[in-house]
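Me: I would like to go through this model term by term, asking for each label what it rests on. Could you start with how the elements are named?
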Amino acid sequence: MGSLTTVPNEIPVASAARVGIGGPVGSGKTALIEALIPELQRRGIDFAVVTNDLVTKEDAERLRRSGLIDPARVSAVEAGACPHTVIREDPTLNIAAGDDLEAAFPGLELILFESGGDNLASTFSLDLVDWWMFVIDVAGGDDIPRKRGPGLLRSDLLVVNKVDLAPYVGVNLEAMLAEARAVRGQRTVIATNARSGVGVEAVADAIIAAVLFGAKPRA
């Protein structure tokens, strides 16, 4: 997907597709990105990451120190307020961060925008992203699908993370997934354990099919 940038007297050039990753604090958004990085690299995708935090650059620094990605390909945005304000109400800071990465890395195909942790009402502006996912975790409770927050209902992809914890927190995982699918209708739900890699290939497949037109097969 991505938008088209028109250069005077030249053929329009497709800009990088922009994908949002939102969800509550502790749901595993950064861990999911860490798991996606080698998966995307194996498929030859040229990508970068923008992280959002309230008043720190903690998530960006975590990714930069990980050794998984060139630190220059990770940009940080400090929201200074509720994180949803810079991914929905006024995404200017994030748009600028994405533009800077595209200028620094010509040929960039994909930018992942990680929202700072927020609540179930957090959603992304389509002025910022082409497609977005919402990450919840099993430890947050199996009643999350029943609460039907906008993030859960409106996201293009719902990721139910930390599935390995279900037996330890008294969650019936199959029932939770069934309810999530029921309230989302035709929208996709993927169960993951970002730490072990369960479901990560499926998330990468979903991103590629949605915004890169399935051009990069699994290695």
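Reply: Helices (H or I, at least four residues) and strands (E, at least two) are DSSP runs, numbered from the N terminus. In those terms, Val171 sits in the loop between strand S8 (157-161) and helix H6 (173-184). This is a predicted model, in which local features need pLDDT of at least 70 and side-chain atom pairs count only at pLDDT 80 or more, while totals for chains, interfaces and linings use all residues. Residues are numbered from 1 along each chain as its sequence is written, and side-chain values use heavy atoms, with hydrogens and water left out.

Me: Why is Val171 called buried?
Reply: Buried means under 20% relative accessible area, exposed over 50%, and partly exposed in between (1.4 Å probe, protein chains only). The relative accessible area of Val171 is 12%, and therefore Val171 is buried.

Me: Which residues is Val171 in contact with, leaving aside its neighbours within four places in sequence?
Reply: Contact means heavy atoms within 4.5 Å. With those neighbours left aside, Val171 is in contact with Val138, Asp142, Ala166 and Met176.

Me: What makes S3 largely enclosed by the rest of the structure?
Reply: Of the 6 residues of S3, 6 are buried, which means that the strand is largely enclosed by the rest of the structure. Ala17, Val19 and Ile21 point one way from S3, whereas Arg18, Gly20 and Gly22 point the other way, and all are buried. In a regular strand the side chains alternate between the two faces of the sheet.

Me: How do you know that S3 and S6 pair?
Reply: Two strands pair if DSSP finds at least two bridges between them. S3 and S6 have 5 bridges in the parallel sense, and Leu110 in S6 is the bridge partner of Ala17. S3 is also joined to S7 by 4 bridges, again in the parallel sense, with Gly22 standing opposite Phe134 in S7.

Me: In what order do the 7 strands form the open sheet, and which are its edge strands?
Reply: The order is S5-S4-S6-S3-S7-S8-S9, and the pairing is parallel. Strand S5 (74-78) and S9 are the edge strands, since each pairs on one side only.

Me: What makes the crossover from S8 through H6 to S9 a β-α-β one, and what is its hand?
Reply: S8 and strand S9 (residues 188-191) run parallel and are joined by 4 bridges. The chain goes from S8 through H6 to S9, and this β-α-β crossover is right-handed. The term right-handed applies if, with the strands pointing away from the viewer, the path from the first strand over the helix to the second runs clockwise. Val160 stands opposite Ala191 in S9, and Val189 is the bridge partner of Leu158.

Me: Which residues touch the most other members of the largest nonpolar core?
Reply: A nonpolar core is a set of buried Ala, Val, Leu, Ile, Met, Phe, Trp, Tyr and Cys residues joined through side-chain atoms within 4.5 Å. The largest one holds 34 residues, of which Leu110, Met133 and Ile207 touch the most other members. Another core, of 32 residues, lies apart from it, and its members include Val50, Ala97, Ile111 and Leu177.

Me: Why does Ala97 count as buried?
Reply: Its relative accessibility is 7%, so Ala97 counts as buried. Ala97 is found in helix H3 (residues 92-104), and Ala97 touches Val50, Ser75 and Val77, not counting residues up to four places away in sequence.
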